Each structure stands twice: as structure tokens, then as C-alpha cells.
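Student: I am new to this structure and would like to go through it by question and answer. Please show it first.

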Protein chains: 2
Amino acid sequence: MSFYIKQIEFALPINFEKNIVLKSKNKNWNIKEIEKKTGILKRYISNKNENVITLAVKSVSKILKKIEKNKIGFIIFVSQTHKNDLTSASCIIQNHFSFKENIIAFDLNIGCSGFVYALKIAQSLLNNNSRKHGLIICSDTYTKNISYDNKSSRPIFSDASATVLLGYSKKFDFVQFDFGSDGSGSSDLYMLNKDTNGLNASKRNEIFMNGGKIALFTMRVVPKSINKILNKNKMKLNDIDLVFFHQASKYVIDNLIRIINIPKDKVFVNYKYLGNTISSSIPIALKQASKKNILKNNFNILLVGFGVGLSWGSTIIKWKASR
Amino acid sequence: MSFYIKQIEFALPINFEKNIVLKSKNKNWNIKEIEKKTGILKRYISNKNENVITLAVKSVSKILKKIEKNKIGFIIFVSQTHKNDLTSASCIIQNHFSFKENIIAFDLNIGCSGFVYALKIAQSLLNNNSRKHGLIICSDTYTKNISYDNKSSRPIFSDASATVLLGYSKKFDFVQFDFGSDGSGSSDLYMLNKDTNGLNASKRNEIFMNGGKIALFTMRVVPKSINKILNKNKMKLNDIDLVFFHQASKYVIDNLIRIINIPKDKVFVNYKYLGNTISSSIPIALKQASKKNILKNNFNILLVGFGVGLSWGSTIIKWKASR
């Protein structure tokens with residue numbers, strides 16, 4: 001392959017939220033029923049001093065203990081909740097760590113499918129000369145725009161940053177990808193800009209998700225995308241050792257397992273005590289699976305991201321241990 | 001080369017602003033002095049019904065008169081002023097024109113260097129199968145966040161969208177790029193979020209530019225970047241037929257011409273009646289130069305983007321006429 005994942009580190013906000021908090025704030029919610037559907041018992045909630053930059057600084061700092069910063073040739077910052085003051089988050093990170101000036105740095109505005117898109121772009125930036133290494137930094141703080149009484153989103157989303165160090169591989173065999181976009185579903189997951197005209201500025205912007213429609217969309221496009229990426233690699237589902245879905249929720253992942261008809265133990269999940277961390281979700285799952293030795297050297301792994309846009313992407317890579 | 005520019009179309013807001021308006025609103029401004037420095041006599045200002053999406057729809061519509069929409073394999077939307085409601089602008093465009101579902105669509109948050117970055121990424125997405133064609137859509141409406149009395153920015157920035165249709169070329173000879181980022185200059189061009197805490201929501205966010213510092217940065221990094229990209233292509237400045245700088249202002253471009261020591265007639269400029277249109281600036285210049293037959297078939301052209309971030313990128317391509 002043309003790249004390999006050399007290291008993954010992640011950072012979570014200090015504060016987390018268990019479902020008992022949701023119950024205390026929403027007396028009429030049936031928490032047991034919600035838990036049964038989401039499978040999520042705990043989520044991380046950024047405080048007012050934490051944002052996509054502070055979280056990213058933490059995950060990048062951990063990576064920089066393992067590699068000299070001057071070896072980094074590019075920074076792709078994947079986020080949907082970076083405060084837009086024109087300056088890209090990637091340039092803020094470049095300056096914070098004093099990365100070399102001739103670095104490629106840019107931001108991608110993509111949600112839960114973001115990591116797979118960033119992998120595709122990163123593959124094209126890596127080379128055997130000045131850019132043998134690069135970073136994909138995922139960081140989002142959706143919960144800043146989700147109120148306690150937002151029943152479709154508050155029990156699901158969680159804040160996090162994950163940084164992935166990629167290395168160039170001499171074996172110049174391009175990894176295959178499958179991608180898709182369906183903007184007709186944009187109203188199924190979006191943020192309402194309450195204060196656009198300045199009238200309701202005391203109310204913050206709020207994220208809305210039509211969970212049922214998003215689930216239906218996922219079940220429609222993800223199995224097709226998996227078939228395509230298997231075909232592109234001339235592989236069968238049996239050749240895949242471990243699947244990493246975007247950790248949307250138990251309901252979504254269980255249904256995908258059923259539709260695709262894959263043994264449950266071939267699908268790694270970590271949503272239970274972490275929630276849905278947007279584009280950080282797949283990298284954190286990779287890190288945790290590797291640490292638990294469930295993800296092993298030379299495994300063929302299938303990564304599938306899907307979400308806001310609507311947008312999806314899948315790829316198959318060979319896992320190289322030593323991290 | 002691995003790609004060529006097949007078509008460029010652009011769209012401008014209905015309303016424009018001449019400097020007499022600035023004079024009438026700012027009695028103490030010396031407009032003649034400002035004009036001497038900026039070289040800009042007219043700028044396009046989006047009205048309340050126009051935004052990055054409506055402008056992009058216009059420029060994309062013109063492109064779609066020349067190519068079937070089902071031939072488009074990807075959409076890269078370059079913008080810094082897309083209203084962030086989570087849905088990417090590229091997915092909105094995908095849906096608006098009913099582009100096929102298996103399209104790659106994502107947004108890049110980059111400013112005046114954005115077109116060159118998008119070219120690099122586009123090069124990696126084009127192939128001889130499903131993605132023989134793709135779109136780079138640049139669209140920004142900076143002026144929505146620039147008040148009449150904003151002396152550093154109001155006489156400069158202009159709203160626009162440009163759409164560039166790229167085609168795959170069989171001659172698989174990758175175009176070279178040079179890139180750089182310097183986040184330490186982020187405070188020289190940024191947007192102040194006045195209503196972050198909801199206290200001043202009646203005041204809109206305002207863009208601030210330290211024009212002097214941006215000019216100094218440009219003169220420091222751009223000549224170096226040009227040298228690098230010439231070396232990568234084993235070319236000398238004499239081998240370049242026409243240079244397209246980002247149309248920052250007369251002051252910046254005149255100084256670059258002086259420092260690089262290139263004949264003035266080898267540098268195309270169009271800022272006078274258009275202003276600085278952020279990432280649309282280079283594509284619009286290419287289109288106008290081609291239309292005027294100043295830019296001719298097989299010309300070696302040097303493209304140099306630079307601006308907010310701070311961020312810069314340069315490349316040399318061979319121009320193919322027939323558009």
C-alpha cells in the first residue's frame with residue numbers, strides 16, 4: 001500500500017456525562033429504552049475552556065512524543081465545529097507546535113465520514129521525499145450545540161480529537177476507496193443557526209438529527225459501498241479480519257451487521273463508554289482495538305465512515321502493528 | 001500532465017461598488033491615495049439574497065452547459081464563508097444539480113491560496129475510470145463581514161464564485177506543487193466573532209486585515225516559493241509565458257514583479273474592475289486572459305496563491321486552449 005498508519009493518539013474532554021444526568025434533566029424520558037437503542041452509557045462533553053483546538057493540541061502532543069515534528073509534511077484538520085474566524089485550524093496547529101513552514105496545511109469540513117476522506121487525500125500527499133509523514137487531525141465538539149433536552153442527539157454525540165500519523169510505504173500499491181454523497185439528506189442532520197439575524201443570540205445554535213432517517217440512509221448506502229470496495233480489492237467479506245464502522249450507535253451498527261451478514265465478533269465496537277465522536281470515531285476504535293490486541297498485525301481491515309452531508313466512504317487497508 | 005483545465009466559468013453578485021461610495025461614507029478617507037495603492041476601482045458586493053451557494057449555483061450552471069453532469073466524479077468546494085450548519089456546501093451543490101450519488105464531495109476551508117491547494121487534491125482524485133472529470137468550485141462572500149468604514153478591507157475584497165472543470169489527461173506526468181503555511185501570521189487577517197457570547201449579536205462579525213504585514217509576508221514567501229517550483233520543474237523564469245498571482249492588490253503585485261524581476265507584461269492582472277475575490281481570483285484571471293487571447297495554447301503558466309492562514313501555494317501548468 002502507499003501509506004500505513006504509524007501511530008494513533010486521542011484526547012477526550014475532562015468531563016463526561018452518564019445517562020443518569022439525562023434522566024434527572026428530562027423526567028419524562030425512558031432512559032432504559034434510549035440505552036437499549038443507542039447502546040451508549042457515557043459521553044464526553046467539552047467544557048467552556050475546551051474546543052477543537054485545545055483537544056487537537058492534546059492529541060497531537062502525544063503523537064509528537066513518537067516522531068520529530070520536522071518530519072511532518074502535512075496536516076489535514078478534519079472538523080465541522082472549528083470556530084470560523086477565517087484562520088484554518090490546521091494553520092493554528094502549525095503555529096502552535098512550530099511545524100516547519102513548508103508544510104501543507106488545510107481544513108476539511110466533513111463529519112462522520114471525514115477520516116476516510118482524509119485518508120484518500122493523505123495518500124496523494126505522501127511521497128518518498130519531503131512528505132514521508134503526515135498528520136490527520138480529527139476534532140469536533142458537537143455537544144456545545146446540543147441541549148440537554150435534545151432527545152435525538154444528546155444521548156449520542158460525544159466530543160473528542162484523534163490524531164493519526166501516516167507514513168509513506170515504498171510498496172507503491174494504491175489503497176482503493178469508495179465514496180458517495182447525497183445532499184438530499186442534508187436536512188436529516190444539521191445545525192440550526194438560531195442567531196443568524198441576531199434576534200435570538202442568547203439561544204445557541206442547535207444540532208438536529210432525524211435518527212430514523214439517518215439510520216435508513218446508512219442501511220441503504222453502506223452495504224452497497226462495502227460491496228464496491230470488496231470488489232475493487234477483489235476480496236470477499238470472509239477475507240476481512242475486522243470491520244470498523246463509524247460508531248454511530250448500537251441500533252445502526254447492529255442493523256448493518258444483520259444486513260451485511262457478518263459475524264458479530266468481526267465488528268469492533270466501542271460506543272458504549274465513548275459515544276459517537278464524529279470523525280474521531282474510527283481512529284479511536286483502531287487505537288483501542290490495537291491496544292486490546294483484538295486488532296493484530298497484517299489484519300485486513302475494512303473502515304466505513306458515514307454521516308452528515310449525507311456522505312460516506314469506505315476503504316480496506318492492511319494493519320501494520322508496532323504502535 | 002495528469003490533469004488539464006477544460007473549462008472555467010464564474011459568477012458575480014448583481015451589485016457592485018465604486019470608490020465614490022466609499023468616499024461618500026467616509027468623508028475623511030483619501031480615496032485617490034487608496035486607489036493608488038490598491039489599484040481597485042470597483043468591487044462586487046453580494047446582497048442579502050446572494051451567498052456562497054447561490055453564486056456557486058450560477059457558476060456551476062454555466063459549466064453544466066458544456067458537460068453532462070453524470071460525467072462529474074468529484075466536487076471540491078473551496079470557501080471560508082459558507083454558513084456552517086454542518087452540511088457541507090459540496091453536498092448542497094450535489095443535491096441541487098442531482099449529481100450522481102457516487103460522487104466525491106467535500107469542502108476545503110482555505111482562503112486566497114485555496115485554488116492551488118484544490119488543484120493538488122483534484123490531481124489525486126482524477127483517474128482514467130470513474131473520475132475523468134471533476135469540479136473545483138470556489139465561492140466566497142467576504143464583503144458580508146466588512147463594514148463600509150473598514151479601511152483595510154472594504155476597498156479590497158470582492159465577492160465571486162468560479163467553477164473550474166478539470167479533465168484527466170492520459171499523459172501521466174504529475175504536475176509539481178510548492179506549498180507552505182505560517183500560522184504565526186493568523187492575526188494579520190482574520191474575522192472577529194463579535195457575537196460569540198451573544199452579547200453583541202446586533203453587530204455582525206467583522207474581517208480585519210493588517211495589509212502591511214500581509215504584504216511583507218507575501219514578499220517574504222512568494223519569491224522563495226516561485227524559485228522552488230521553478231527548480232522542481234527544471235525551468236527558469238524565462239520559460240514561463242504568463243504569471244497569475246492571486247489578485248491581492250496593485251501594491252502587492254507590483255512589489256512581487258519588482259522583487260522577482262519579471263517583465264510586467266508577463267504578469268496578468270485583473271484587479272482593477274473586480275477587486276480581490278479570494279480563491280476565485282486565479283480562475284477568473286485565467287478565464288479573462290484566455291478570452292482576451294493573452295493566454296494562449298501551450299503557454300507555460302505559473303499560478304501563485306497566498307493569503308489568510310497564512311498559507312501559500314504555487315504550481316506551473318501547461319495551458320490547453322479550446323475553452
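Tutor: Helices here are DSSP runs of H or I with at least four residues, strands are runs of E with at least two, and both are numbered from the N terminus. The model is a predicted one.

Student: In which loop of chain A does A:I278 lie?
Tutor: A:I278 has a positive phi of about 60°, although it is not a glycine. Its place in chain A is the loop between α7 and α8.

Student: Is A:I278 buried or exposed?
Tutor: A residue counts as buried if 20 or more other C-beta atoms lie within 10 Å of its own. A:I278 has 32 C-beta neighbours inside 10 Å, so the residue counts as buried.

Student: Is A:N261 buried or exposed?
Tutor: A:N261 is found in the loop between α7 and α8 of chain A. This residue is not a glycine, yet has a positive phi of about 65°. With 8 C-beta neighbours inside 10 Å, A:N261 is exposed.

Student: Which residues is A:K266 in contact with, leaving aside its neighbours within four places in sequence?
Tutor: A:K266 lies in the loop between α7 and α8 of chain A, and with 15 other C-beta atoms within 10 Å it is partly exposed. Its C-alpha atom is separated by 6.4 Å from that of A:D241, although the two are 25 residues apart along the chain. Once neighbours within four places in sequence are left aside, the contacts of A:K266 are A:I240, A:L242 and A:V243.

Student: Why are α6(A) and α7(A) oblique to each other?
Tutor: Angles under 35 degrees count as roughly parallel and 65 to 115 as roughly perpendicular. Helix α6 (residues 211-232) and helix α7 (residues 250-260) of chain A have axes 10 Å apart and pack at an angle of about 40°. The pair is therefore oblique.

Student: How many residues of the contact of α6(A) with α7(A) are nonpolar?
Tutor: From α6(A) come A:A215, A:T218, A:M219, A:V222, A:P223 and A:I226, and they meet A:Y251, A:V252, A:N255, A:L256, A:I259 and A:I260 in α7(A). Of the residues in this contact, two are polar and no residue is charged, while the number of nonpolar ones is 10.

Student: What do the buried residues of α7(B) pack against?
Tutor: In helix α7 (residues 250-260) of chain B, the buried residues are B:V252, B:I253 and B:L256. They cover an arc of only 90° around the axis, so they lie on the same side of α7(B). What they pack against, in chain B, is α6 (211-232) and β11 (242-245).

Student: How many of the 11 residues of α8(B) are buried?
Tutor: The buried residues of α8(B) include B:I282, B:P283, B:I284 and B:K287. Among the elements of chain B that cover them are β1 (3-11), β6 (133-140) and β12 (300-307). Helix α8 (residues 281-291) of chain B is largely enclosed by the rest of the structure, because the buried count is nine of the 11.

Student: Which residues of α4(B) make the contact with α3(B)?
Tutor: The axes of α3(B) and α4(B) cross at roughly 50° and come within 11 Å, which makes the two helices oblique. On the side of α3(B), the contact is made by B:V52, B:I53, B:A56, B:V57 and B:V60, and on the side of α4(B) by B:A89, B:I92, B:I93 and B:H96.

Student: Which element gives the most residues to the side of chain B that touches chain A?
Tutor: In the contact between the chains, 44 residues of chain B meet 44 residues of chain A. The elements of chain B that give two or more residues to this side are α4 (89-96), β5 (104-109), α5 (114-125), β8 (177-181) and β9 (189-192). This side of chain B divides into 18 nonpolar, 20 polar and six charged residues. The element that gives the most, with six residues, is β5(B).

Student: How far apart in space are B:N70 and B:N210?
Tutor: B:N70 is in the loop between α3 (52-63) and β4 (72-78) of chain B, and is exposed, with 11 other C-beta atoms within 10 Å. B:N70 and B:N210 are 140 residues apart in sequence, and C-alpha to C-alpha their separation in space is 44 Å.

Methods. Residues numbered from 1 in each chain as written. Chains lettered and ligands numbered in written order. Predicted model: local features only at pLDDT ≥ 70, side-chain atom pairs only at ≥ 80, totals over all residues. Axes fitted to C-alpha atoms, helices over the stretch in contact; angles between N-to-C directions. Parallel < 35°, antiparallel > 145°, perpendicular 65-115°, else oblique. Contact = placed C-beta atoms within 7 Å. Nonpolar A, V, L, I, M, F, W, Y, C, P; charged D, E, K, R; others polar. Buried ≥ 20, exposed ≤ 12 C-beta atoms within 10 Å, placed from the backbone. Arc of directions from axis to C-beta.
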